[in-house]
Amino acid sequence: MTDTTTHHEDDLGTPLDLLLADASRGPVRRFLPGMSGVKFAAGLARHPRAVAGRTAGLTAELARVQVGRSEIAPHPKDRRFSDEAWAKNPFLRRTLQSYLAAGEAMRGLVDDAGLGHGDEQRMGFIVDNLVEASSPSNSPVLNPKVLKRIIDTGGGNLVAGGRRFVRDFATAPRVPSMVEPDAFEVGEDLAVTPGQVVLRTDVFELIQYAPQTPKVRTVPLLIVPPTINKYYVIDLAEQRSLVEHLVRDGQQVYCISWRNPDARHADWGLDTYGEAILEAMTTAQDISRQDQVAVLGICSGGMLASMVMAHLAATDDLDRVAAFSLAVTVLDQHDAGLPSALLSHKGAAASTRASREKGYLDGRALAEIFAWLRPNDLIWNYWVNNYLMGHAPKAFDILYWNADPVRMTAGMHRDFMDLALRNALTEAGGATLLGTPIDLGDIDVDSYVVAGIADHLCKWESCYRTTQLFGGDSRFVLSTSGHIAAMVNPPGNEKASFQTSDSNPESAAEWLDGARRVKGTWWDDYAAWLAARTGPERGKPRRAGSARFEPLCDAPGTYVHDR
């Protein structure tokens with residue numbers, strides 16, 4: 001895996017429920033500052049000295065740029081300006097330095113305004129996008145690589161790029177393609193760990209993976225994936241699959257594959273998906289002939305699974321769960337980073353109203369939002385590669401999965417918005433599931449909570465607060481990766497490591513100070529943690545399913561192919 005691929009993985013993210021409110025807004029409206037802009041202007045007016053100092057500093061720097069005395073330079077790892085012409089050509093060097101100086105000043109003004117957390121995050125989001133969009137590397141008449149390409153191809157690159165532009169912007173999401181639509185095939189290149197579908201309902205298919213060891217641990221693991229993405233982020237290519245890793249370690253693994261809903265399923269909400277998880281648990285227990293099951297919830301699937309755990313606790317049925325795990329999941333939404341800052345009551349109301357009228361929230365709209373969260377890497381990088389250079393985007397499995405979203409029902413959209421706006425899961429009885437008041441403090445089974453230190457969607461500090469919400473013993477693990485790379489973290493990467501600690505103090509910063517670094521992937525640590533809680537080994541099952549649950553088809557099933 002190249003550094004470029006790893007970089008993309010760190011910057012990508014599954015659609016996060018906290019940004020669902022912006023999904024129904026047009027791209028222009030999304031960048032209007034609204035009241036945050038008014039507060040920004042008022043803040044600058046209250047700090048005239050800071051503004052004057054910032055302006056004077058920019059003027060002085062631009063003067064140094066013009067006489068060739070400026071030392072401002074791009075970050076060494078900024079690939080946009082890697083061509084030597086940016087440093088050696090006097091005109092391009094001055095253009096670049098002027099851009100860097102102006103961008104630094106614009107970002108500095110957001111700090112000078114003294115805004116509150118939410119307004120500062122929103123204005124920072126808008127300013128960052130403006131700065132990234134104005135980069136000289138995005139211009140075909142300034143980018144030296146593009147100019148050389150035009151000469152080499154006689155302008156053919158712009159013709160090919162124009163065709164790609166028309167194709168990409170003809171339909172949603174209206175952002176540059178990150179991967180060709182035929183780069184991979186699910187079931188052939190991706191999601192290839194052997195298994196069979198042993199249950200199909202209107203809501204989900206349940207996959208039972210074939211054992212790959214002579215003996216298996218008795219208690220099975222059920223994986224609850226996100227509800228706005230296809231499940232196979234945890235079963236990518238060979239050697240890059242968490243499922244494959246666990247199965248080869250002797251763990252029995254079952255995984256839910258959610259249906260891609262449409263307008264017919266508009267009423268499906270938290271209760272529908274909570275009931276589905278309970279049904280999947282019961283099926284896994286029945287087939288494995290066990291009284292218990294371990295559960296792993298991922299992102300929005302982790303929120304659902306946590307509510308199910310609390311429901312089981314309230315109904316005196318939590319002894320069905322041998323161990324509970326969460327990955328890149330935020331349950332406490334307080335100051336949860338940029339996504340939560342972009343969330344507003346007005347925006348949530350408008351978005352839920354739009355999804356109610358349509359019956360669902362389109363995953364393609366979410367893909368557009370998340371691309372603009374990292375415009376340099378997920379928009380302008382592909383603008384240059386696809387349209388200006390005329391190249392096809394490289395075939396990355398993560399990018400293909402990211403471009404294969406699913407819809408969210410209007411009911412689920414409404415319920416997630418309500419949870420986020422009220423931060424309901426942090427208060428006992430603040431939310432209900434299947435008629436049961438939810439109290440996360442009643443979850444007293446051992447838990448394993450993993451986050452990514454580079455995660456820009458689910459801040460690791462927010463993920464850490466889960467350890468303070470649960471009532472049992474929690475092992476918190478902090479990966480060096482981002483939101484998705486934390487899930488696709490196979491052995492073999494010499495740079496991979498994670499941090500953990502034997503105690504979970506109230507403060508995330510205090511935890512980090514006392515944490516120890518472990519070389520390697522958290523996958524191995526998690527497999528060992530599971531092994532200690534999923535019972536003794538026994539002979540592997542001779543076949544998939546049971547008399548009651550006969551296999552229906554081979555993995556990855558049928559629902560994963562729905563578009």
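# Legends to close-up views

**In helix α7 the buried residues are Asp119, Arg122, Met123, Gly124, Phe125, Ile126, Val127, Asn129, Val131 and Glu132.** Buried stands for under 20% relative accessible area, exposed for over 50%, and partly exposed for values in between (1.4 Å probe, protein chains only). This is a predicted model, in which local features need pLDDT of at least 70 and side-chain atom pairs count only at pLDDT 80 or more, whereas totals for chains, interfaces and linings use all residues. Residues are numbered from 1 along each chain as its sequence is written, and side-chain values use heavy atoms, without hydrogens and water. Helix α7 covers residues 117-133, 17 residues in total. From first C-alpha to last, α7 reaches 24 Å, close to the expected 24 Å at 1.5 Å a residue; the expected span is 1.5 Å times one less than the number of residues. Helices (H or I, at least four residues) and strands (E, at least two) are DSSP runs, numbered from the N terminus.

pLDDT is the predictor's confidence in each residue, on a scale from 0 to 100. A contact is a pair of heavy atoms within 4.5 Å. Over the protein the mean pLDDT is 89, and 91% of the residues reach 70 or more.

**Eleven strands form an open sheet with mixed pairing, in the order β15-β14-β13-β12-β7-β6-β4-β5-β2-β1-β17.** Its edge strands, β15 (516-519) and β17, each pair on one side only. Two strands count as paired if DSSP finds at least two bridges between them. Ser479 stands opposite Phe498 of β14.

**Strand β1 (residues 195-200) has antiparallel partners in β2 (residues 204-209) and β17 (residues 553-554).** The pairing with β2 runs over five bridges, and the one with β17 over two. Leu199 has Leu206 as its bridge partner in β2, while Gln196 has Asp554 in β17. Three residues lie between β1 and β2, which form a hairpin. In the segment after β17 is Pro556, joined to Ala555 by a cis peptide bond with omega about 15°.

**Helices α11 (residues 270-288) and α12 (residues 300-314) lie across strands of the sheet.** Helix α11 lies across β1, β2, β4 (221-224), β5 (253-258), β6 (293-298) and β7 (321-327), at about 150° to β5. Helix α12 lies across β4, β6 and β7, at about 140° to β6. Axes are lines fitted to C-alpha atoms, for helices over the stretch in contact, and angles between N-to-C directions run from 0 to 180 degrees.

**Arg289 and Cys299 have positive phi without being glycine.** Most residues other than glycine have a negative phi. Phi is near 55° in Arg289, which lies in the loop between α11 and β6, and near 50° in Cys299, in the loop between β6 and α12. Arg289 counts as exposed because its relative accessible area is 67%. Cys299 counts as buried because its relative accessibility is 3%.

**Met281 and Met309 touch the most other members of the largest nonpolar core, which has 78 residues.** Such a core is a set of buried Ala, Val, Leu, Ile, Met, Phe, Trp, Tyr and Cys residues joined through side-chain atoms within 4.5 Å. Not counting residues up to four places away in sequence, Met309 touches Met281, Val295, Leu318, Val321, Phe324 and Ile443. Another core, of 57 residues, lies apart from this one and includes Val477, Ile484, Met487 and Ala527.

**Leu190 lies in the loop between α9 (156-170) and β1.** Leu190 counts as buried because its relative accessibility is 0%. Beyond four places in sequence, its contacts are Phe184, Glu185, Tyr232, Asp235, Leu236, Ala237, Asp397 and Tyr400. Ala87 is 103 residues from Leu190 along the chain, and their C-alpha atoms are separated by 42 Å.

**Arg542 lies in the loop between β16 (537-539) and β17.** With a relative accessible area of 88%, Arg542 is exposed. Arg542 and Val192 are 350 residues apart in sequence and 20 Å apart from C-alpha to C-alpha.
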